[in-house]
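Subject: Handing over a structure, with notes on what was found

Dear colleague,

Please look through it first and then read on.

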Amino acid sequence: MAWCKQGLGDDALTAFIFKGDGDKHEDNWKKLEKIGVGAYGEVFKAKVQLAANECEIAVKQIHIDKENAKKSAETELNAYNKLSHERIVKFYGFCSYDFEMFIFMEYMHLGSLASYIGKNGALKEDHVRHFSRQLVEGINYLHNKNVIHRDIKSVNILMKDKGNVKLTDFGICKILEDVSKASTTNIGTIRYMAPEMSQPNYGHSVDIWALGCVVLEMLTGLMPFSEIENQQVHYVLYKAEETPLNHLKCDLPVASMEFLQKLLKVNSSERPKIQDLLNNDNYITGANSFSMQLLLEENTVLKDELAKCLSRMEEMENKNKQLIQEHDEHLKICELDKTRTESCNLTTFEKAATNENNWERSFNLLTEDLSKSGTITPMEDNLLNFKECSQNPCHTGFIPVQNLKREHLPVDYQKNLSTAIQAMADLTVKVTVSLVSPGRPAVWPQHINKPYPTGKSGRLGSGIVCGLEKITRGVRQGGSIHKKLTTCPCNECKYSPTPKQEWWEATVQTAKQLIFDNTEANSANYMLFYDSYNSHGSYLNSFTMANSSTEMDLCRIKCTICDPQIADKLKNSLELMDSSLKKLDKELERLKDVDKLAVFVSHPHGLPKHVSLGEWKEKILVEGKKPYYQFTYSTNACEGCLGAFVYCLGYSGLTWWKSTIYGGPYV
């Protein structure tokens, strides 16, 4: 049996879709490509030939053979039938036949806000304020109609163009017939759900919290609580009573931070009403004037040329700022690097005396700048930690990787060792961990009186890519099937209607005391190719701890790459390192206990890559199911090198049982 009803959208378009007879009126519209997938069906782009014009619409096809799908569709239709606002996606009507329902809606050309952020990254603050005002207008209309959306998130916000967003998907909204009554259903998307939604009796304020989560996502380019899994969000949100602001990894503009602090109050009664935001909050009321970049969308003649000019001007301005900053920082550190390199007697692999006065001059310049400006950049903070390191002040024997020459290495092994170190450097990863897991033990295994490092938020260390595997449509290069995925799980692909079907799984190895468990692995940043002070590096994506050993102080994290250029570079470096280490092992077959060279590449205190050269002193065989060696060495190191791969000539490798990881002063 078929039944249809026209909606409140454009009269002419609505009338044409439902013109004549027919169960689904398919003669009046033509289905095109799929543009979205939901829990109960798909969304397609379609076209309608209206007079001489071809109009585009979106058609949501829902399979209502299950009760949940039918209930969701009915809820959405009830909402659309009473809603009509410029910040709500237009509803043209629906028809149903047997176990299929077709909902006809306005087509939004740029897709979801989530997809836009996934492709373009974080938005500029004026762009965020512009969209925030539009969302507040839409939510204010809903609340005046006694409707709680309950699932406001970036996926459910669609973009007509770069300057206009609208709310959609009312499948789990709540229409309050009696304003005094509250909703009692625990429903929604966990990362955007207000804390009170775990309890009965909540109201309109849940949409205010969700709005704050979306604003934060626009500003950072990341979903709320992006570094932790869904199950852990429950604990963080409901038990620890933390907000997404407690998990920020970057600084936000002052005005944006103040606005978010109002919206993301754990106590719902402390959040502002939507009407107050619309009329009285300067973050919203001051967002009427938007940047010229978006106003250009209305000018069909000059838009492209002016946009190119603006883009070039902005690019030049940013480049100039970057050059000025790099120049200032270079002046402070060039003497520092020169002193470190020249002060090392690298051919004997022993520590050399450092001219302390040169170091003092470099950091005196930095101290003078700080006293004048009163501010400190992250790089300057890392430099200060580098200087004041308790384990190795002045960092004798550290060589910036770009300054390393063959002459620094033993004559007998220069060729292969130089190649191995370069490959090792290309595979070295800068690791920044923002959380401390509650699961960290009190003491080391088998050492009752030896405390285990407690860690701290924002700690820095190093790791190395020790493996890379290509996955195509869920099939690994070895032929096995991926248990969960058929498309790339990175942030960009996750929200894209056309995610990549080919990606690579990189394995990063580091110290377990740096990243203890999956909670910490998910909170960390993993940065490749940070070789010098002016290089930007590349970040890895989608992290899961694969395996670990507290006793060996070793862990491996699976990360995602969908850039073929990065994957090729890592693949070549892995092959180069493997082949050069095999040649070195062959050369050192009889001399590995005589020429006891130990070398590692690290990011000391989060700075660009440095090479350390020295000798291993003692080799300790650890018995067990699979015996392995532990080493002590004189190679120059510090607490900021934690997790770096240590190559002990003739012994170490990237396999699990041959891995040697720098464990700091705690091991």
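In what follows, contact means that heavy atoms lie within 4.5 Å. Please keep in mind that this is a predicted model.

I begin with K60, which an unreviewed UniProt entry lists under "binding site". K60 is placed in strand β4, which covers residues 53–63, and it counts as buried because its relative accessibility is 15%, where buried means under 20%. Once its neighbours within four places in sequence are left aside, K60 is in contact with E42, V43, E76, M101, F102, I103, M105 and D169. With one of these, E76, the contact is also polar, side chain to side chain, at 3.0 Å.

A second residue to look at is S256, which sits in helix α7 (residues 254–263) and is buried, with a relative accessible area of 0%. Leaving aside its neighbours within four places in sequence, S256 is in contact with E125, L219 and Y283. Its side chain makes a polar contact of 2.7 Å with the side chain of E125, and another, of 2.8 Å, with the side chain of Y283.

The aromatic residues come next, and the count here is 5 aromatic pairs. One of them is formed by Y80 and F91, which are stacked, at 5.2 Å centre to centre and with 15° between the planes. Because Y80 lies in helix α2 (residues 67–82) and F91 in strand β5 (residues 91–97), this pair ties together parts that are 11 residues apart in sequence. Y80 is buried, with a relative accessible area of 0%, and F91 counts as buried at 3% relative accessibility.

Another pair, Y452 and F516, is edge-to-face, with 5.8 Å centre to centre and 70° between the planes. Y452 lies in the loop between β12 (428–433) and β13 (459–472), and F516 in the loop between β15 (502–510) and α16 (518–523), so the pair ties together parts that are 64 residues apart in sequence. Both Y452 and F516 are buried, and K512 lies over the face of F516, at 4.2 Å from the ring centre.

Key. Residues numbered from 1 in each chain as written. Predicted model: local features only at pLDDT ≥ 70, side-chain atom pairs only at ≥ 80, totals over all residues. Heavy atoms only, no water. UniProt positions renumbered as here; feature names shortened; annotations may be inferred. Helix = DSSP H or I, 4+ residues; strand = E, 2+ residues; numbered from the N terminus. Buried < 20%, exposed > 50% of the residue type's maximum accessible area, 1.4 Å probe, protein only. Polar contact = N/O pair within 3.5 Å; in protein donor to acceptor, adjacent residues only side chain to side chain. Phe/Tyr/Trp six-rings, centres within 6.5 Å; stacked < 30°, edge-to-face > 60°. Lys NZ or Arg CZ within 6 Å of the ring centre and 35° of its normal.
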